[in-house]
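Work through the exercises below with the model open. Each task is followed by its solution.

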Amino acid sequence: MTKKNKKISVPTIPKTEPFASLLNGLIYISETDAEIVPFTGDNAPAVSSDEIRRQTGTPADVAIETIDARQFFDRLTQIKDWFGDAEKKRAGRFAELRNELMAKLKDVKVFRVGEIRIDIYIVGIDAGGRLAGVKTKAVET
């Protein structure tokens, strides 16, 4: 949860990065708040946990969970009755990000890498055949 007095510093993302205009100031909230940044990998034959492991250098003994992208974004984009303006705006920005990722990438999936301190990759295949999308972090104890 975000505390009202807590200041979060999110670096500005260069406009040349994919999805940059959608990411500036957007944070993913878990037990910590983490920035969401562009991810561009190498050419990939498919969007898979094996490909994530290869392209991120994740050791074989680290767990990788695959999640449906629409299911992942459902939680982030639903407007709750108790939402204030800031929460509504964040949900809208996540909806824009989801729509842009789905429009620009093929076979978008979400990968949760690790346990407790989790790297999250929301990726698909771009027009150049590369693994691309965004990444963030979560802490879950």
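**Exercise 1: packing of α4**

The buried residues of α4 pack against α1 (20-23), β1 (27-29), α3, β5, β6 and β7, where contact means heavy atoms within 4.5 Å. The model is predicted: local features need pLDDT of at least 70, side-chain atom pairs count only at pLDDT 80 or more, and totals for chains, interfaces and linings use all residues. Residues are numbered from 1 along each chain as its sequence is written, and side-chain values use heavy atoms, with hydrogens and water left out.

Task: state which residues of α4 are buried.

Solution. Helices (H or I, at least four residues) and strands (E, at least two) are DSSP runs, numbered from the N terminus. Helix α4 covers residues 85-104. Its buried residues (under 20% relative accessible area, 1.4 Å probe, protein chains only; exposed is over 50%, partly exposed in between) are Ala91, Arg93, Phe94, Ala95, Leu97, Arg98 and Leu101.

**Exercise 2: the two sides of α3**

Task: find which residues of α3 are buried and which are exposed on the other side.

Solution. Ala69, Phe72, Phe73, Leu76 and Thr77 are buried. They cover an arc of only 120° around the axis, which puts them on the same side of α3; the arc is that of the directions from the helix axis to the C-beta atoms. Gln71 and Arg75 are exposed on the other side. The cover over the buried residues of α3 includes β1, β4, α4, β5 and β6.

How values were computed
The expected span of a helix is 1.5 Å times one less than its number of residues.
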